[in-house]
Amino acid sequence: MRREQMMRAGALALPLALLARLVAGQGMASAPSQPRTPVWNDKQMADYRLPLAGLGKPPTLVAAHDYYALPEANLKTYPVYTPDKEPPGYIDSLKQLAPAPLVDLSEIKTDADWIAAGREVFFGRELPRFTGSEHNLQLIRNPQVLKRYNLPTTKDGVILGLRYVVRAKGNVELGTDTCAMCHVQVRPDGQVIEGAANNQTPFGPLMGDLTRIYAKMSPEMMERTRRRNVREDYRVPFLKDDPNQAVAELPAEAMAALYDQHPLGVQERSNTSLLYPVKIANLIGVGDLRYLDRTGTSRQRSLTDLMRYCGLVGDVTDALTHYGDGPNAALNLPNMGLPEGIRRTPDPMLYALARYLTSLKPPINSNPKTALTRRGETVFKRAGCNGCHTAPLYTNNKLTLAEGFTPPGDLLNRVDAMPFSVGTDPNLALKTRKGTGFYRVPSLRMVWLYNAFLHDGSLGTLEEMLDPKRLQPDFRASNWAPTAVPRAVKGHEFGLDLPAEDKMALVAFLKTL
């Protein structure tokens, strides 16, 4: 009902709950505004996902009827502390608790309530995978392990991304992989930036060492906890001679060595690859993007699309997606560490999470604007950088071709893509389940928070982006592990031929965005 119609109808026509808020002086703007239709809506999602290169069509998402038949997840979880800062008797106190809901939806009254609830979901949503390992519980209570892998930890000793789960009174389990594991940044001074990429935890070497540990335990442990996951998490059903499958059969040390090669700031998440990991996203400003994922797998036309994406990633609902036709198109849930299937986050909690994400604001930028940065802005425009990285978002919100990809039919007309490639590594866009054949033009906002650049995080600084030495086979980036093999980082060669003074000014300007 339009506002003028509501006013003509009189105050008595307003829903009583909304009227109560108006009387309390909260105003109409504070009223929650959830989508009117279910999040998982077959009609609205028909063109939500982009076609995949090699498949020639979008993957088939789980039907709405089957999606809403999944059991719901709304279970309260609890912080994990470092051993030196854990409150006395903490674990024993958790054992006295009965299972409880993470979010009490009946208590949400205002938009601020929704955002607060979304923060609870972000930090503590029930964990779909990797829960209940006594071995992992011992590892995270080892100070040497915590120091080696630099897990994001607050000044109070809370390890972000890990949570304790109470599914039954008296039983406390360890879970991992909440949103906060990858999307909270703890600065050297202890400042916690919610939504920013975790650029301190070396996820690749961490997984490499875990692989070595599992292999030493037993061949069965290695098979169950690593090889099965590698086969299924990264399998591309429609890709001929899928290289991701060969990786799963490597000797344990060879597999671990591949993990060791991963730069700081990337994660080999599901649907990417051990061979082709992806840069961790900064979620501050995510609501401004028209395409989600580095490869633009999903359109973002509304907050509802962001909610869908949160469900696909956070709940691992994408494990129910079919990649083509035939028996191999469906993924094997037990091999992905999901033997009991998928549990979905209720629509209101997805709405809360999306509202929280879109409420996140950039932190205060300590880089001042100076005569040098003003010169850098001039260089930025003169070099044509603003053609793709257009202010104020510093992205034109378009896609660009991966090298070697020829869009079939009228695909370029059906997506907002530029008909050229910048020459970066094409494998993520062509040889993974996220492979659309495109890359999203990234925003340059908040690059001062980054230590990983390009979609695969293969460069560690803006200075390295503008250094022609990176094109040489003996190049090593600042964010690579010590054991990483030197190699050239090709592509996006814009600015490599600028004079040194212009490069310095350009970098200074970019750090103010």
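In this predicted model, the axes of helix H5 (residues 111-124) and helix H14 cross at roughly 95° and come within 7 Å. Angles of 65 to 115 degrees count as roughly perpendicular, and H5 and H14 are therefore roughly perpendicular to each other. On the H5 side, the contact is made by Asp111, Trp114, Ile115, Ala117, Gly118, Arg119, Val121, Phe122 and Phe123. H14 contributes Pro348, Met349, Tyr351, Ala352, Leu353, Arg355, Tyr356, Leu357 and Ser359. By residue class, this contact of H5 with H14 divides into 13 nonpolar, two polar and three charged residues.

**Nonpolar cores**

In soluble globular proteins, nonpolar side chains tend to be buried together. The largest nonpolar core of this model has 117 residues. Those that touch the most other members are Trp40, Phe122, Leu162, Tyr164, Leu357 and Leu510. Helix H14 (residues 347-359) supplies the largest share of this core, with eight residues. A second, separate core has ten residues, among them Leu50, Leu411, Val415 and Phe438.

Phe122 belongs both to the contact between H5 and H14 and to the largest core. Leaving out residues up to four places away in sequence, phenylalanine 122 touches Leu353, Tyr356 and Leu357, along with Thr178, Cys179, Ala180, His183, Val184, Gly195 and Leu283. Leu353, Tyr356 and Leu357 are also listed on the H14 side of the helix contact.

**The sheet of E10, E11 and E12**

Strands of a sheet pair through backbone hydrogen bonds, either parallel or antiparallel. Here, three strands form an open sheet with mixed pairing, in the order E11-E10-E12. Strand E11 (417-421) and strand E12 stand at the edges with a single partner strand each, so one side of each is left without a neighbour in the sheet. From one strand to the next, the twist averages 35°. E10 and E11 run parallel and are joined by three bridges. Within this pair, threonine 400 has methionine 418 of E11 as its bridge partner.

**Loops and backbone geometry**

The loop between helix H15 (371-382) and strand E10 (399-401) contains proline 392. A cis peptide bond, with omega of about 5°, joins alanine 391 to proline 392. Asparagine 397 lies in the loop between H15 and E10 as well. Methionine 446 is placed in the loop between strand E12 (438-440) and helix H18 (462-465).

| Residue | Phi | Relative accessible area |
|---|---|---|
| Asparagine 397 | about 65° | 8% |
| Methionine 446 | about 65° | 5% |

Residues under 20% relative accessible area count as buried. At 8%, asparagine 397 is therefore buried, and methionine 446, at 5%, is buried too.

A further loop, between helix H7 (143-149) and strand E2 (158-168), holds threonine 154. Because its relative accessible area is 19%, threonine 154 is classed as buried. Beyond its neighbours within four places in sequence, threonine 154 is in contact with Leu160 and Val192.

Terms used:
Residues numbered from 1 in each chain as written. Predicted model: local features only at pLDDT ≥ 70, side-chain atom pairs only at ≥ 80, totals over all residues. Heavy atoms only, no water. Helix = DSSP H or I, 4+ residues; strand = E, 2+ residues; numbered from the N terminus. Buried < 20%, exposed > 50% of the residue type's maximum accessible area, 1.4 Å probe, protein only. Pairing = 2+ DSSP bridges. Axes fitted to C-alpha atoms, helices over the stretch in contact; angles between N-to-C directions. Contact = heavy atoms within 4.5 Å. Core = buried A, V, L, I, M, F, W, Y, C linked by side-chain atoms within 4.5 Å. Parallel < 35°, antiparallel > 145°, perpendicular 65-115°, else oblique. Nonpolar A, V, L, I, M, F, W, Y, C, P; charged D, E, K, R; others polar.
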